[in-house]
Number of protein chains: 2
Amino acid sequence: MAVMGNSAPDPETPLSEVGEFEAIALVTARFEQGDHVLVPPGDDAAQVRSASGMPLFATDVLVDARHFRRDWASAEDIGRRAAAQSLSDINAMGGRATALTVGLTAPPDLSIGWMLSLADGLAAECAEVGASVVGGDMTRGDLLMLSVSAMGEASGDPVRRSGARPGDVVAVRGRLGWAAAGVAVLGRGFRSPRVVVEAYRRPEVPYDAGPEGARLGATSMIDVSDGLVADVGHVASASAVVVDLQRSAFAVPDPIAAVGAAVGVDPLDLVLTGGDDHALVATYPPAVKLPETWTVVGSVLEASAGRPAGAVLLDGEPYEGTPGFRHF
Amino acid sequence: MAVMGNSAPDPETPLSEVGEFEAIALVTARFEQGDHVLVPPGDDAAQVRSASGMPLFATDVLVDARHFRRDWASAEDIGRRAAAQSLSDINAMGGRATALTVGLTAPPDLSIGWMLSLADGLAAECAEVGASVVGGDMTRGDLLMLSVSAMGEASGDPVRRSGARPGDVVAVRGRLGWAAAGVAVLGRGFRSPRVVVEAYRRPEVPYDAGPEGARLGATSMIDVSDGLVADVGHVASASAVVVDLQRSAFAVPDPIAAVGAAVGVDPLDLVLTGGDDHALVATYPPAVKLPETWTVVGSVLEASAGRPAGAVLLDGEPYEGTPGFRHF
């Protein structure tokens with residue numbers, strides 16, 4: 001972390017009094033640059049080494065009061081979550097992110113201290129995979145919004161959504177429903193169970209799962225951002241197959257069961273439809289011997305008249321709940 | 001351009017009635033994918049071939065009513081301008097863009113037709129350099145905002161801001177002040193001179209200038225987005241030198257002179273401080289023989305007690321006007 005000089009403004013200073021170039025300089029000083037960054041921030045574009053010569057490229061948008069809430073999470077946590085979303089996209093292709101850029105609009109009364117904590121969160125999450133924040137743009141806007149773009153590398157062919165085949169198993173690595181339980185709790189004005197609130201604030205993303213899944217021979221992969229049912233639905237559609245999830249495969253963790261009981265929702269629904277934990281779900285040929293980090297939760301079936309391609313079943317029956325979060 | 005099927009919604013349909021995934025599918029269908037796109041839109045990340053193995057990476061944010069106005073330009077023009085801003089960043093490094101992603105927030109009452117025209121504008125501007133729109137994210141927000149990220153390639157070392165040396169000449173390729181004259185006219189409720197209004201709506205970006213400048217041996221380069229004085233100021237700061245611009249080097253085009261007279265501003269100020277035309281300004285060692293596409297407009301001087309590093313002079317005197325546009 002860069003040490004601020006004597007000229008560092010009071011953290012409470014609103015952005016409108018700091019000035020665009022000064023704010024950018026202060027934020028940029030928070031971003032350590034890896035050896036793979038050939039041209040660091042400060043020019044019209046950064047330059048990053050691509051080991052494969054075939055970089056991955058993804059962008060996600062987060063909007064205040066929609067994808068995060070400033071009263072529910074600290075600036076640093078919001079930075080971590082914003083970075084995690086794009087880093088997880090690269091993970092889901094079987095790759096590892098190397099560089100991030102951040103486009104940001106911010107209301108002028110936002111403090112420079114909040115912004116620097118956001119930057120620290122972005123940097124901390126990037127450090128988990130060895131990525132660097134190499135650039136971006138910030139401008140005034142009445143809406144606080146982050147658009148995070150990630151560049152990354154896969155060591156082999158990226159794992160796509162379209163490769164699932166009938167007979168494959170469906171397996172998950174990472175947590176499901178924890179962040180959704182946190183949201184359910186926070187949305188009702190509570191701050192406990194602490195463990196689900198923390199899960200919402202700071203997801204534990206299984207960043208090794210993507211490269212591991214690729215190495216194990218995953219035929220398809222996706223990260224759970226909209227909710228498991230919605231996201232395996234994307235795989236089922238892209239692969240023109242049906243996915244059948246097994247209810248018995250999902251052990252509902254105690255804190256999620258507690259939240260379900262407290263707020264009156266089926267805890268399994270939190271597990272099946274909650275996003276934001278950034279678990280990975282992959283399909284594997286049945287012969288693949290999976291390490292115990294992966295949990296088999298279902299199987300891939302052929303589409304047929306009664307079960308069209310793209311369908312997601314639960315124990316052979318159509319899933320009746322909302323599959324996941326939709327923006328519009 | 002993809003041909004819409006029978007299921008294409010009425011162009012007036014608000015986004016809130018189209019649904020996120022349908023809107024993304026409709027928009028994505030507008031984007032042709034080049035052969036260098038190895039994984040096209042539809043997965044968690046796209047994959048793009050990088051010829052050099054050292055891709056360039058840049059992001060710019062555009063906000064409604066701040067960087068564009070929907071009553072001043074069509075959706076297609078706004079798409080072109082949004083793409084141009086990031087494509088120009090790659091140009092300014094001496095490179096050529098290969099891929100764009102677009103993060104977008106849109107109010108739910110925006111029509112799907114407007115959005116598809118925006119997509120057409122993005123695609124059309126990308127086609128000028130052979131880049132493809134490979135991904136992005138769209139979400140509801142009360143503010144219409146675009147965050148455009150570009151990936152690109154330089155054939156040699158990228159040209160940075162920090163390489164200008166005393167004795168170098170300063171040269172420009174592209175138009176200066178045209179878009180600013182257009183804004184001056186539109187801001188007063190007029191629609192003519194047509195040629196400056198069109199220049200604002202659809203910039204003619206010199207996309208060959210970046211690779212050409214690199215080939216010619218430019219020691220530094222930047223695109224004029226904040227205004228010439230502000231942007232050569234960035235070069236002067238990064239290079240720890242002073243730039244002296246020569247008033248006589250700037251031929252004020254007739255339409256800009258006419259706008260200056262009509263709105264009561266010095267037309268040279270429009271030329272010196274207007275952004276948005278995306279001209280390139282570069283410094284070259286004096287021995288370099290420049291083709292006539294480049295206009296020498298000044299020289300690089302050593303910093304001294306009376307003229308600190310980063311200063312921009314006009315005929316040897318400090319420039320007195322506003323150097324360019326500042327966001328906060």
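This is a predicted model: local features need pLDDT of at least 70, side-chain atom pairs count only at pLDDT 80 or more; totals for chains, interfaces and linings use all residues.
**Ground rules.** I used local features only at pLDDT of at least 70 and side-chain atom pairs only at pLDDT 80 or more, while totals for chains, interfaces and linings use all residues. Residues are numbered from 1 along each chain as its sequence is written, and chains are lettered from A and ligands numbered from 1 in the order in which they are written.

**Symmetry.** A rotation of 180° with 0.0 Å of shift along its axis does it, at RMSD 0.0 Å. That is a two-fold axis. The superposition is by least squares on C-alpha atoms of residues with pLDDT of at least 70 in both copies. In chain B, B:Gly53 comes closest to the axis, its C-alpha at 2.1 Å.

**Cis bonds.** I noted a cis peptide bond from A:Ser192 to A:Pro193, omega near 5°. B:Ser192 and B:Pro193 are also joined by a cis bond, with omega about 5°. I placed A:Pro193 in the loop between α4 (178-186) and α5 (194-201) of chain A. Helices are DSSP runs of H or I, at least four residues, and strands are runs of E, at least two, numbered from the N terminus.

**Positive phi.** Most residues other than glycine have a negative phi. A:Ala65 has a positive one, about 70°. In B:Ala65 phi is near 75°. A:Ala65 sits in the loop between β3 (56-63) and α2 (75-92) of chain A. I found A:Ala65 partly exposed, with 13 other C-beta atoms within 10 Å (buried is 20 or more, exposed 12 or fewer, partly exposed in between, with C-beta atoms placed from the backbone).
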